[in-house]
Amino acid sequence: MTSQILSSELANLVNESKRKNPDLRNAADKSLQDLRSLPSTSEAQLAAGWYCLDIQLKILQALPSLIQNYSDDVRNELLSSVLQLVISTFEKVVVEDEKQLQIPTVTEVPGDDGNISVRPSANDAYKVFCDICLLTEGGKPQSIRFSAISQASGLELIEAVLSNHGSLFLTHPEQAFILRSHIMPLIIKSLSERLTFSITLRIMRVFNLILRQHLTIVPSECEMALGLLNHMLDPDAALPWKRAMCMEVFRNVYSDPNLIIQIYAQYDAQEGKKSIIRDNLAVFVRLSTEKPTLIGLGQHSTAPVNAPPEEDVLPDAQAALEAGAVGIIGGAPNLSSVPGISTQWSTLRIPCMDHLDKQEPPTLPETYIYSLVLSCINNFSESLAKFILPLTVHKEGGRKKGKKGAAQQEPPTSVSNPKTSGTETPTGFGLSIKTELHVQDYVFSLNKLGDLGTLNANRLISFDPDVSGWSLLVKALVSVASTLQLVVDSLYEGASEPEDELDETDIEVHVVVLDSLKSVLEQCGDSLQVGWNMVFLLARSVFVGFGTKIQDGASAEDVTANEAKVQSSSEMIATKLGRLSFSSVQLVCSDFLTAIPDDAIFLLLDLLYFFCDQGEDLNISLTTITYFWNVSDYLHGRADAAAMEELATKSIDAPNPEEQIQEGVQARSIPAMWLHLLERIATIAHDRRAEVRNGTLHTLLRIFDNYGDQISPASWNLCLRVIMFRLLDFDIKQHQAFRSTNADPEEAHSWVETSRIILNGLVKLFSAYPESILSAPRFSTLWESMLDYFRQYLACGSQAVNAVTYDAVAGLLSKLETAELVGEGAVQKAAQIWLDGSPTDHAEYPSTTGNHEAYLAYVRCFKEFYRLVGKDLDAEALSKVSANLRTCIVTEERDAYTSDRDILTPLQKEVLGGIKIIKTSSDGVPTIIVKLLADFAALPFGRPPPIGTRDGNTWVALSKASMDRIQHLVAEHISSTELFANGALLSALQSLVIPIRLKYEWKSLSIKEDQMIPIWQEIVAMANGIAHADPAAAPSPSVVLEDEAFDIKSLTTLRDIITPGLGASYIPDSIRRTYTSTLFHTSLIHPPSVDEIPPDFASAPPLASLYRLRHGRTRDPAPTPRSKMSYLCLRELLDLVRRRAPGAASDPQRVALARAAAPFLILRAALPLKSYIADQPLRGRMPQPASLRDELLFVLRELRALDCEPQAIPGTG
């Protein structure tokens, strides 16, 4: 019935909305189809579906009124959504361009010179943008199902695309084709027509974007549009607000020096083209004569008498006034009475082109257009000055010509400190600094240096190098760097402690120097051929104790590695200086590595070390680590294999191979510089900060792993000695220092992680490149050195370090298939480290680590060396093995959360596994192993108390496992006389006699009874929690059934565990009653009537209401959803009262439980009987509900078969 009603309503909705609202009709039609496709189901499910569809229907019915009443809001929201979709489409193009080599083209689209192949996302962007343009023009979309949008909305979408992804139009010719074929014709047509303010405003904004970003793509179209703008500036050619918009566009043009040059070169400088700039300047002249009286232009122009005080004028306004031409007068507050142009009445707070929310133009001051003319002239003048005029110093005009001429004859060798008095000192590239002037003059001059590359970039790339001045600029950059170098040196000249002389003036000047350096690198970094040494010296000047000066007055270009040795401190003068300098280093490492000459590379390497080692900014240190990898990759790619082999061969017998590397750096050897970089990285691995230290180590090991297959055996000898052994040596010294200082345990623990990285990395290198490393020259010496480092690690006194060390030894040995690969003698020496004793710790070492991991690693190490040389171990060595293993077992610290009564500890399992691999075919070996196992078997019984034994482990599981192993060994060797002669069998029998004799006397665990009572209370509470549940709170009926099955399984398991012990005499009867009460309440399948059972069994006995009359009822109570759990609890009540076996003696514990359960069982059995007796007469011939009938029959059957415990129900007589 519900389905029919719903289908009828939807059909009516389809008919009614067919013409008026197609979208509503489609939605209703789809809902009708979905309804018809549904399978036959219950009315309840259909009702639920009807409820959901009814909500949707009401929403659809409300849409027309919402759209009618809130059309503007809906439009804005829809436009915002469309804008997000369009922008996301273009963002996919950006991502696609980054992976263009991986994505093939899929189709072709029209272009200027034929079809253009495009990729999927580019095709989508083309279709979307083309359809937006068509809709804006008033046409119909061709590819995308767009609804009609207003022209204003279309222009806003176009502007958003150009603003966010304008660069795509420069690289995608299909998008440039849309600009040329759709957007520019629309702009030119709109400029020629008299359109509304809102449309014209958006047209101007779009054209302004195209003019600034895409002039090179649509030069002819821009020429026409700019000509129209010039024409509209003529008197009576356009409305005032439209003329104002034209002037605002030109104001933006003149504020961009590069755009001015680009327009001039594109049009004014070309024959046959319009003179855009010259025509526009001519228009300005005509505008100035348009209304001379209005702007205060006359024969005697004077300032208004009531002009505001100078201090009341805002700084920006004052600057605009100062930029005015002769005859232009500042105005007074009264517009009507005082002629002239003023920032008080001649400007708009919001330009015309920014009134996007207005349909009508704002009220314009009559002199607004003339103030725009002044702004254009001022911007044009400043742009010309920046581009054409040489660098000058602020207030240069106040200097005397004679003094200036004298100063220019001085050599450009120094710069005076701006804080001290002195004479004017010229510097390179035409820069003069007069130190007695205010320090702002100093800053101004340095800012000009930073602008040099940016302001001339367009001109320099547009003409030949000699014509444009490019060649001159490249040479000048060296002079710029020299000037900056002299400036920095002058800041700290004569100061023994630069940080004490520091003030804000120094910081400000230094910041400008570094800004200038970065600007030079950004514009010309890939073209620099000389001056890199000075670049790095300037970047290094941010560190305390080191300016940019070089010893003996040498030039930066001639500096060598010895002359530029790094200082001991890497502390930065100021953090912001360090960050600014580091940004230049980032630029170099990311983009200009290939441009750096070989003689400057070592300065970069040391500079990276400084930034990684400094402690003021952690982010700088972590970022520098990634650049270590970049520079290493670059150097190794340039390294010559023959040169690397030559350097490694020369260093084989050298006692100090670092000197060979430094000589190679002096000779500008790329392999030597690569190794020098690795040395620097290894030095950073000593850092106190764990993040930096460990990150550097991971990078260093990744470098070895990446190039390991290209490193020759001789080079491996050099790398291990210079890099890896250096890491080991410092790491060991750090752990040794922890024993003599009051170090923080957390710090010591963090260094253990560093040790793990180093040692694991060493093992991985051996496993990854075994042939090259094992065949390295003097490998035996390298092996001896490694073993010596391992011994030093073990002597540090830390169990955590011991664990790492033995794992490293085991790792090295595990990579050897046979001992012959390194020589049996080498493996024997490694085995001797193990035989010297088990891992120990020292109280002085600040560590809280237990000995578990150390002992485990120790036993694993034994397995590895025994695999290689076990056959050569004599009885004496095996006796040491036995003693060491026994020491590990008896001194192992107990884990607070585990017990070894039934399960072996991990160490015990490893030790028994190690014993099993020992071959007992040699004389004396069976005796040693049997005696060791006999000791293990007797450990739980204190025979004798082992020396150094720690309380905790019981060794019971170990004893049982050792007995099994003794049986196997004795049976295997019983035929020989060794077990009898050497006393091994006697030791085994003595260890077995102890548990046999003690029997019941020995107990490993004793707990007081009063300690168990709270535990039993919690166990009973746990049973109550498992049995009870509130189905109403469950999320769904299926969850109730799943949880019921799980709870039944859990309660059954718990019952089997607790029932045998719950009747113990020391357990109070109240606990048993609580348990049986839980069973009673959970066994109720139907809710009882009021007063049918006592409300609280703690205050009233269970049978208090047994004889109370129950009134009949015709309402049938619903059964519990967890009926299976109820029947389980009812059976448990019956089982607790049932006798175990006929004629058997009663067990007191069973009797105690039966007595606790009997009253509840009687009451529970009475409930269905009383219900039937009271309710059935009222029902008449109506049958009893199924659940009530099933419960009654179950109770009757169980009572009939029940044989009660005789003492469960005390006699009444």
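Which residues form a nonpolar patch on the surface, and with about how much accessible area together? In this predicted model, where local features need pLDDT of at least 70, side-chain atom pairs count only at pLDDT 80 or more, and totals for chains, interfaces and linings use all residues, the patch is formed by L1169, Y1172, I1173, L1193, L1196 and L1199, which together have about 490 Å² of accessible area. Residues are numbered from 1 along each chain as its sequence is written, and side-chain values use heavy atoms, with hydrogens and water left out. Such a patch joins nonpolar side chains (Val, Leu, Ile, Met, Phe, Trp, Tyr) within 5 Å, from residues with over 30% relative accessible area and no salt bridge, the areas coming from the Shrake-Rupley method with a 1.4 Å probe. Helices α46 (1148-1179) and α47 (1186-1201) each supply at least two of the patch residues, and Y1172 lies in α46; helices here are DSSP runs (H or I, at least four residues), and strands are runs of E of at least two.

Elsewhere, helix α20 (residues 504-524) packs against helix α21 (residues 532-540) at an angle of about 145 degrees, their axes being 10 Å apart. V513, L514, L517 and L521 of α20 meet W532, V535, L538 and A539 of α21 (contact means heavy atoms within 4.5 Å), and these residues divide into eight nonpolar, no polar and no charged.

Charged pairs are also present, with a count of 34 salt bridges, each a side-chain nitrogen of Lys or Arg within 4 Å of a carboxyl oxygen of Asp or Glu. R180 forms one with D112, the closest N and O atoms lying 2.0 Å apart; this pair links distant parts of the chain, 68 residues apart, with R180 in helix α8 (residues 173-192) and D112 in the loop between β1 (107-111) and β2 (114-118).

Definitions and conventions
Axes fitted to C-alpha atoms, helices over the stretch in contact; angles between N-to-C directions. Nonpolar A, V, L, I, M, F, W, Y, C, P; charged D, E, K, R; others polar. Patch = residues over 30% accessible without salt bridge, like charges linked within 9 Å, V, L, I, M, F, W, Y side chains within 5 Å.
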